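This report describes the fold of a protein chain, from its overall dimensions to selected elements and residues. The sequence and the coordinates are shown first.

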Amino acid sequence: MKIGVVTDSTSDLPGDLAQRFGVEVVPTILVVEGKQYADGKDLSRGDFYARLPAMRTFPTTAAPSIGEFSARYQKLLDSGCDFVLSIHAASQLTAVCDIARQAADDFPGRVAIVDSGSLSLGLGFQALAAAEAAESGADVETAIAFIADVRRRLRVFAALDTMDYLRRSGRVPAAVTLLGGMLSIKPLIELTDGLLKPAGATRTTRQADERMAALLKAGLPIERLAILHTGAESRARGFLSRLMEECRRDLPREILVVNVATVIGAHVGPNGLGFAAVRAK
C-alpha cells in the first residue's frame, strides 16, 4: 500500500525534508492589517518578525480553505497513493483539523485525519514519522502507530518574551495568563495534548534560557530535536551551543534550528525561544 502524507505549515517541516518524503504542506493564513498572506510564501518569516513589534494592530490567523486540502488529497491519490494520512495542528488551538475533516468527507475510506495535539516541530516530527513509515512500505495502521509512538515521547516547551500576543489571541488558559501578568516576568509554557500549561517563570532572558536547558536535559537522551525561535536566531544558536557543550552525547546528530511559522509567531510574539524534542526509546 502506498500512503501519502499531508500536513499544514504550522508543522515547520523544513522544505528539504518535505520534498524528500513527498509530504504535501498546506499553508495556513496570516492576516496583517487586513491583508492575507499564505504562511511561508507571501511574507518571509524574517520580514514578519522584524515588522511585528511595530505593527499598529495585532496580526490574526485563519485556517486554509476546504478546497486547499481537497486539492492536496486529490493530487496524492492521482499520483498513485492508495491512502492519505493528513496530520495537523492541535484542534484545541486551531480549526485546521476541522477544515481538513470536512475535505476528507469527499474521499470516504481514503483519507484519515490525525490531530497531532501539538504545533511546530511537535507536529512536524509526527508528520515525518508518518512519511518514514510510508517510505518503508508500512500499512495505515502501522503508520498511525508510528505517529502515536512519537507523540508519546514528545516534549514541547517555550519561553516567551511577552504574554501580550498570547493573551490577545484568546488561546491561553487563565493559569498561563497569570504568569505573564506580573512585572518583568518571562513566562514558560508547555504544549502537551493540545493544551498550553504553565511551566514556570523567570525575570530575565538568561534565566529563561537556563530553565529551558534544564527542562530539555530532563528528557535526555533525545532522538529528535528542534530548537525553535520567533525572530531570535542568535538566542537560539547560543542555546544550542550551550547544549552541545554540556550534553552532546545525548543529543541527535542532526538538530534543526527553526524560525517558527508566522501564524504561530502571531500568537506568541517575537524574541521567543522553544524546543520540540522526541525522547529516545
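## Basis

The model is predicted, so that local features need pLDDT of at least 70 and side-chain atom pairs count only at pLDDT 80 or more, whereas totals for chains, interfaces and linings use all residues. Residues are numbered from 1 along each chain as its sequence is written, and side-chain values use heavy atoms, with hydrogens and water left out.

## Overall dimensions

The secondary structure of the protein chain comprises 11 helices and 13 strands; these are DSSP runs numbered from the N terminus, with helices (H or I) of at least four residues and strands (E) of at least two. Along the principal axes, the C-alpha atoms occupy a box of roughly 55 × 50 × 30 Å.

Of the 281 residues, 57% are buried, where buried means under 20% relative accessible area, exposed over 50%, and partly exposed in between (1.4 Å probe, protein chains only). The chain exposes about 12,400 Å², of which carbon and sulfur atoms supply 49%; the areas come from the Shrake-Rupley method with a 1.4 Å probe, and for residues only the protein chains shown count as cover. Among contacts (heavy atoms within 4.5 Å) with a separation of 6 or more, 74% are between residues 24 or more positions apart.

## Helix α5

Helix α5 covers residues 121–135, and its end C-alpha atoms lie 20 Å apart, in agreement with the 21 Å that its 15 residues should span at 1.5 Å a residue. The expected span is 1.5 Å times one less than the number of residues. Because 13 of its 15 residues are buried, α5 is largely enclosed by the rest of the structure. G137, which follows α5, has a positive phi near 90°.

## Strand pairing

Strands of a sheet pair through backbone hydrogen bonds, either parallel or antiparallel. Here, two strands are taken to pair if DSSP finds at least two bridges between them.

An open sheet of 3 strands has the order β4-β3-β5, with antiparallel pairing. Its edge strands, β4 (35–38) and β5 (60–62), each pair on one side only. Neighbouring strands of this sheet are turned by 30° against each other on average, direction ignored; the axes are lines fitted to C-alpha atoms, and angles run from 0 to 180 degrees between N-to-C directions.

Strands β9 and β10 form a hairpin with 2 residues between them, and D193 there takes a positive phi near 50°.

| Strand pair | Bridges | Bridge partners |
|---|---|---|
| β3 (residues 29–32) and β5 | 3 bridges | I29 and A62 |
| β9 (residues 186–192) and β10 (residues 195–202) | 7 bridges | E190 and K197 |

## Two buried residues

V31 is located in strand β3 and counts as buried because its relative accessibility is 17%. Not counting residues up to four places away in sequence, V31 touches Q36, P59 and T60.

R72 belongs to helix α3 (residues 66–78). Its relative accessibility of 14% means that R72 counts as buried. With residues up to four places away in sequence again left out, R72 touches V6, E24, V25, V26, P27 and K41.
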